[in-house]
Amino acid sequence: MSTPVIEVRDVSAGYPGGPPVLDRVSLTVERGSRLVLLGANGSGKTTLLRCLCGSHVPASGSILVEGEPLGHDRRSLRAHRRRVQLVMQDPDDQLFSADVRQDVSFGPTNMGLPRDEVLARVDEALDLLSVTHLADRPCHQLSYGERKRVAIAGAVAMRPDVLLLDEPTAGLDPAGVRETVAILARLRDQGTTVVLATHDVDLALARGDRAAVVVDHQVVSGGVGEVLSDAGLVARARLDQPWPLALAQRLGLPGHPRGLDEVVGLLQAP
Amino acid sequence: MSTPVIEVRDVSAGYPGGPPVLDRVSLTVERGSRLVLLGANGSGKTTLLRCLCGSHVPASGSILVEGEPLGHDRRSLRAHRRRVQLVMQDPDDQLFSADVRQDVSFGPTNMGLPRDEVLARVDEALDLLSVTHLADRPCHQLSYGERKRVAIAGAVAMRPDVLLLDEPTAGLDPAGVRETVAILARLRDQGTTVVLATHDVDLALARGDRAAVVVDHQVVSGGVGEVLSDAGLVARARLDQPWPLALAQRLGLPGHPRGLDEVVGLLQAP
Amino acid sequence: MHIAEGYLPVAHAVGWYVVATPFIVHGAVQVVKETRKNPENKLLLAAAGAFTFVLSAIKLPSVTGSSSHPTGTGLGAVLFKPPVMAFLGTVVLLFQALLLAHGGITTLGANAFSMAIAGPWVGYGAWWLVRKLGGRQELGIFLAMSLADLSTYCVTSFQLALAYPDPTSGIAGAAAKFLSIFAITQIPLALMEGILGILILKFLARV
Amino acid sequence: MAALAVDDAAWASPWRRQRVGDKLLLSLALIMTALVAPVVPGTVLVGVASAALILGPAHIRWSMLMGAMSAPIVFIALGAISVLLSVGASPIDPYWQWGFLSVTPTSVAMAGRLVLHALAGTLAVMVLALTTPMSDLLDWMAAHRVPGPLVEVASLTYRLLFIVWSTAVALHDTQLRRLGDPPIRSRETARLRWQATAGAVGTILVRSWDRARRLESGLAARGAEDSLATTSPDRPRDRRLAAGFAGLVAAIWTVCLAWVLVREAAW
């Protein structure tokens with residue numbers, strides 16, 4: 001097995017004056033995998049993501065990137081951010097420029113790329129997120145869903161190896177969720193490793209390879225079907241069982257069907 | 001059939017300088033029913049809710065409350081707001097007092113109720129929303145889910161006949177969704193008519209009696225099972241088909257199963 | 001109360017720019033220093049600017065139903081000190097001129113002097129004095145906000161009087177005229193702003 | 001609380017992509033012309049030309065322009081009335097006198113000048129405001145030696161403004177829905193109204209802070225250190241438009257000059 005792109009070893013993290021949010025947590029993110037991060041509100045998903053992108057410094061433990069420990073000095077962080085980008089849940093927490101195109105250009109500009117390269121990357125990112133038509137609009141006039149895409153475009157324009165997304169589908173209508181999922185699939189086809197925090201267990205089951213559940217300050221990870229079949233874990237983590245697994249369990253079907261097609265396949269099997 | 005508690009007749013509504021959001025829309029809300037309002041982001045769900053509660057004045061058409069047309073002068077609106085309350089999606093835009101108890105008491109106090117009555121209603125609302133333990137906490141220290149409940153408590157304390165909720169479950173983890181759904185069931189048992197706008201089609205199917213879909217500036221309404229079985233409508237409205245209906249259709253099962261139990265029942269029927 | 005575009009003759013407009021510039025530059029230098037020291041201060045200052053802009057659009061409750069809006073410069077001066085307010089206030093005035101057609105470009109100097117300099121300094125002075133003499137915070141914020149508002153209005157009346165001296169009674173007569181015309185709205189407003197200050201203070205103490 | 005309609009218009013303007021410097025220069029030239037040129041015809045022509053530019057090539061609706069002008073018009077009218085009325089016991093050949101108040105030829109001329117100057121000047125500012133979003137103007141300043149941190153604070157103010165504004169609008173709505181607007185008939189209702197206003201203002205303040213803090217942490221995740229520099233494509237100058245701008249201002253001055261010469265000749 002190749003070196004994981006990110007490896008979290010015994011990381012504890014918290015905020016000043018509070019109890020630890022994460023307590024000696026370990027996790028590996030394999031290159032090219034789709035990892036879904038599940039957990040209740042306030043469980044520590046976001047803190048974990050912030051540790052992964054370097055913007056939260058763990059109290060103890062280490063984070064290895066391609067086997068090298070992540071330092072938190074300015075130089076190491078700069079190098080890290082070219083590889084790992086985080087998109088937060090609320091786009092208003094990341095969009096700072098009035099103009100969409102300018103906002104997306106921030107990352108590449110900040111990397112010190114030449115002007116033409118910056119503009120080319122911006123166009124590419126806008127195109128990938130299907131928001132080219134919004135390039136000259138102000139962020140404050142966009143809908144929530146549009147702002148969410150622009151925020152993702154801002155990260156994608158940096159061409160990271162790993163893209164961390166906090167609830168990228170929250171607040172979107174079902175078609176918006178489908179479109180976002182399609183965009184993430186395209187990113188993955190281009191070789192980007194995607195880590196996605198979500199509450200949507202059906203989506204996690206359908207689209208994830210591996211799942212990591214943040215519960216009681218710990219992380220439990222494994223194949224997405226196995227993890228979400230563990231009824232005790234799912235309940236402790238304030239999650240729901242995805243319907244295909246719940247249905248399979250009730251009917252005594254074998255395996256871990258991940259969606260409608262697989263359920264139908266199992267039911268119609270002779 | 002008794003007079004509907006709210007009846008929308010040929011209402012058009014929009015914003016200055018823009019195209020109409022709603023174009024000659026009609027809708028009835030029966031007393032004691034659970035109506036789910038479905039539609040894409042930006043389809044006009046929120047505008048419709050704002051029309052129902054009197055916050056948005058329709059460009060044309062009328063809204064009848066218990067058969068009486070709703071006037072938009074101050075006096076009529078104040079009377080209307082005692083009966084119909086709206087809770088918006090983002091609790092941060094709705095909590096404006098220092099602590100929880102004070103915030104929940106805002107409505108009843110403004111109704112001119114005697115002090116004891118105000119305090120009794122506040123306690124009742126806090127209890128109903130299971131947030132009594134938060135009564136003395138500052139609003140902005142609460143978690144997102146807690147703030148959402150406190151915002152609902154603020155409306156419930158006014159004991160409205162009709163409670164309109166815009167995405168009450170958005171952003172909550174699955175357990176939080178279950179708890180909110182249980183609270184809405186309790187409210188309904190007490191005789192409150194609940195209108196709920198949501199993107200969650202599975203929830204809509206499981207919990208709604210009737211559904212109204214806002215699509216192409218129009219509203220299509222009917223029994224929730226029938227409406228969500230209409231694949232063309234669901235696609236036009238940027239929604240998804242709820243999984244029990246999708247599965248039933250694929251397998252050729254009869255009727256409109258609303259959840260896991262009904263699906264299992266149909267599958268195990270001889 | 002902002003002087004509209006075109007109101008002031010060129011000489012006056014330039015003159016008020018000259019008077020206001022040292023204060024604004026001083027404030028700007030402070031802002032640059034603070035943001036160099038702590039880049040995150042940029043966001044705090046921006047939030048303060050956005051808050052000041054939005055505050056000036058909020059309607060205060062009044063019996064008559066006439067709409068009156070607070071200036072908010074006294075509160076800003078107490079929170080961020082007058083030099084910073086000189087800069088932030090000028091930015092907010094520029095925004096008001098271009099986003100709300102409230103104020104103007106050539107009159108920006110005069111408006112900055114009354115709203116972003118005179119008001120905050122008077123308000124801050126009142127706050128400082130009350131605190132120095134051991135007075136209560138409530139009294140301090142009341143005086144800071146109401147005096148900031150009042151002094152702004154006095155300076156504006158004086159600026160208008162200089163530009164439009166009365167043909168009969170000269171600058172003094174014109175000043176009296178502008179003061180009395182705007183007094184009808186401004187004195188109650190100044191008092192209301194002071195009361196609002198106390199209530200905000202109480203609110204903030206509880207959260 | 002009306003929406004920021006002028007801002008929406010600026011973003012939608014067909015002139016949005018024209019060079020900021022050109023638009024700024026045009027607007028300033030018009031403003032200065034309104035102030036310096038003879039009131040008739042100079043100031044009047046500036047007013048007419050500005051309104052024509054706004055309603056014509058800049059595609060702004062008449063109702064929008066009137067909406068934007070309504071607030072300044074109230075102030076202009078108030079100022080004009082105070083200038084029109086002269087105070088003092090012995091006015092020089094007044095048109096009208098009542099006690100200490102009078103209307104004199106000088107005061108009428110002064111009030112007339114004031115109204116024309118202010119209307120034309122405000123319209124000339126609107127030429128810029130309705131075609132140029134604030135952020136473009138701030139970028140232009142950054143490119144013209146205004147120190148970066150100052151422009152960044154102003155740009156972030158502009159971005160946060162809309163977030164804070166929407167919070168204020170939503171809070172106001174919620175308070176109305178929860179009957180926060182009792183008619184002020186007693187001390188009690190007055191107290192309730194004041195408490196609601198203070199609660200809203202205090203909440204807006206706390207939320208502004210919170211927003212700033214969150215945006216700061218979001219920017220940290222994006223790798224922001226000292227500068228928030230961004231890149232935008234070049235805007236080629238539309239030479240015909242720039243020439244049109246220059247020609248317009250020149251034409252106004254030519255008419256003024258001709259007017260003065262004709263009048264002198266008539267003397």
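Student: In this predicted model, how far apart are the closest C-alpha atoms of chain A and chain C?

Tutor: Contact requires heavy atoms within 4.5 Å. No contact joins chain A and chain C. Their closest C-alpha atoms are separated by 10 Å.

Student: What is the area buried between chain A and chain D?

Tutor: The interface brings 36 residues of chain A into contact with 33 residues of chain D. On the side of chain A, A:Phe96, A:Phe106 and A:His140 lose the most area to chain D, together 21% of what that side buries. Carbon and sulfur atoms give 47% of the area buried between the two chains, which is about 3200 Å².

Student: How many salt bridges does the rule find across the interface of chain A and chain D?

Tutor: One of them pairs the side chains of D:Arg17 and A:Asp136, N to O at 2.7 Å. That distance falls inside the cut-off of 4 Å. Across the interface of chain A and chain D, the count is 13 salt bridges.

Student: Which element gives the largest share of the side of chain A that touches chain D?

Tutor: The residues on that side divide into 12 nonpolar, 11 polar and 13 charged. Elements giving two or more residues include helix H1 (45–53), helix H2 (74–83) and helix H3 (100–110) of chain A. The largest share, 8 residues, comes from H3(A).

Notes:
Residues are numbered from 1 along each chain as its sequence is written. Chains are lettered from A and ligands numbered from 1 in the order in which they are written. This is a predicted model: local features need pLDDT of at least 70, side-chain atom pairs count only at pLDDT 80 or more; totals for chains, interfaces and linings use all residues. Side-chain values use heavy atoms; hydrogens and water are left out. Buried area is the accessible area (1.4 Å probe) that two parts lose on being put together, summed over both. Helices (H or I, at least four residues) and strands (E, at least two) are DSSP runs, numbered from the N terminus. Ala, Val, Leu, Ile, Met, Phe, Trp, Tyr, Cys and Pro count as nonpolar, Asp, Glu, Lys and Arg as charged, and the others, Gly among them, as polar.
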